[in-house]
Amino acid sequence: MKTIFRTMLIAAAAIVTAGCGNSGNKQTEQQASAEVQDPSVAVQKVFVQDVPQDATYTSTVQAYVKNNIVPQTAGRITKINVEVGDNVKKGQVLAEIDKVQLQQAQLQLHNAEVELGRLKALYEAGGLSKSDLDAVELQYNVAKTQVDNLIENTTLLSPIDGVITARNYDAGDMYSMSAPIFTVEQIKPVKLLVAVSESQYSKVGKGNRVTIKADALPELTFDGKIERIYPTIDPATRTFTMEVVVPNNYSSLRPGMFARVTVDFGKNRNVVIPDIAVVKQQGSGERFVYVLNEDGTVSYQKIELGRRMGSEYEVLSGLKDGDVVVTGGQIRLKDGIKVSVNE
């Protein structure tokens with residue numbers, strides 16, 4: 001009886017072992033079948049398009065003209081006519097300096113004028129030599145020049161239409177020649193000096209239009225133009241400077257504002273691809289895509305990228321018009337592998 005029971009147990013174990021072996025074989029076969037199956041990928045055909053070649057640079061708004069108002073000599077300030085923030089016109093009197101020296105010079109000029117008139121009459125009567133008359137006339141001209149200079153330096157005028165941006169003295173102060181009495185800045189128009197990469201030197205020209213946005217005025221966009229291009233390249237930064245002028249008719253832009261200048265360099269005709277198609281090679285800055293071939297295989301193609309435009313890239317080299325690139329499933333791919341395309 002014990003022998004029969006032992007025999008039954010051995011038979012049952014054999015059946016279980018056989019069943020487990022069959023299950024393992026099936027799993028192995030399924031795995032092998034999955035490995036043989038072609039990777040499934042998503043693809044997209046790419047085309048040559050017009051790619052805008054604009055670039056944005058940062059700069060600081062500057063006054064178009066900035067004048068420091070100073071007399072040539074020290075003197076007491078007798079009158080201040082304007083304050084910081086005042087708009088002034090060209091020729092407007094800003095301040096007056098003590099006129100004692102001017103009055104003395106005017107008296108000397110008057111005496112020289114009278115003496116010159118008397119000696120001219122004497123010369124015409126033959127009682128004076130031409131050299132003596134010339135000497136007196138020279139003295140008169142020197143005195144007149146001195147008076148004109150003192151008038152200019154005792155009545156300080158604005159040389160431009162602008163706004164007063166600094167006042168460093170009060171009426172009654174002694175001007176010490178250490179700082180300007182006023183600073184006047186012309187802000188209609190304003191200018192910006194923009195540093196541009198040397199690679200764009202041949203693409204910009206005087207008169208080209210640009211757009212400007214200031215961080216302080218996010219809702220406004222200003223139109224400007226390139227007025228001047230500096231003729232040399234900075235060897236340290238490999239950039240050149242262009243001067244942009246903005247009309248600023250409403251005085252919205254103010255000197256010192258941080259601004260962004262967008263320059264349009266035209267358009268290029270290049271292939272454009274979605275960014276999800278780009279594969280970065282580990283350990284390098286090189287970029288690749290998988291290109292679908294007519295026989296259903298893929299090729300690992302190195303590309304050179306240009307501008308990024310939202311979710312797309314401009315391709316400078318490596319692809320041609322009408323190529324089909326893989327946009328999904330790249331992780332299982334390698335060069336030359338056959339794939340199946342998702343419909």
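Trainee: In this predicted model, what is the order of the strands in the open sheet that has four of them?
Mentor: The order is β6-β5-β3-β8, and the pairing of these strands is antiparallel. At the edges stand β6 and β8 (174–175), each of which has a single partner strand, so one side of each is left without a neighbour in the sheet.

Trainee: What makes β3 and β5 count as a pair?
Mentor: A pair needs at least two bridges between the strands.

Trainee: Which elements each supply at least two residues of the lining of the largest pocket?
Mentor: They are β2 (47–69), α3 (130–154) and β6 (155–157). The volume of this pocket is about 240 Å³, and its lining includes N68, I69, I151, E152, T155 and L156.

Trainee: How do you know that N68 and I69 belong to that lining?
Mentor: A lining residue must have an atom within 4 Å of a grid point of the pocket, and N68 and I69 are among the residues that line the largest pocket, so each of them has such an atom. By class, the lining holds six nonpolar, four polar and one charged residues.

Trainee: Which residues line the second largest pocket, and which element gives the largest share?
Mentor: The second largest pocket, with a volume of about 180 Å³, is lined by N87, V88, K89, D161, G162, V163, Q186, I187, K188 and S251. Two or more of its lining residues come from each of β4 (87–88), β7 (162–167) and β9 (182–197), and β9 gives the largest share, with three residues.

Trainee: What share of the chain is called buried, and what does the word require?
Mentor: Buried means under 20% relative accessible area, and 33% of the 343 residues of the chain count as buried, so that share of the residues lies under the cut-off. The accessible surface of the chain comes to about 20,900 Å², and 51% of this belongs to carbon and sulfur atoms.

Note on methods: Residues are numbered from 1 along each chain as its sequence is written. This is a predicted model: local features need pLDDT of at least 70, side-chain atom pairs count only at pLDDT 80 or more; totals for chains, interfaces and linings use all residues. Side-chain values use heavy atoms; hydrogens and water are left out. On a 1 Å grid over the protein atoms alone, a cavity is a set of points where a 1.4 Å probe fits but cannot get out, and a pocket is an open set with protein on both sides within 12 Å along at least five of seven lines; lining residues have an atom within 4 Å of a point. Grid points are joined across faces, edges and corners, and a volume is the space filled by probe spheres set on the points. Helices (H or I, at least four residues) and strands (E, at least two) are DSSP runs, numbered from the N terminus. Ala, Val, Leu, Ile, Met, Phe, Trp, Tyr, Cys and Pro count as nonpolar, Asp, Glu, Lys and Arg as charged, and the others, Gly among them, as polar. Buried means under 20% relative accessible area, exposed over 50%, partly exposed in between (1.4 Å probe, protein chains only). Accessible areas come from the Shrake-Rupley method with a 1.4 Å probe; for residues, only the protein chains shown count as cover.
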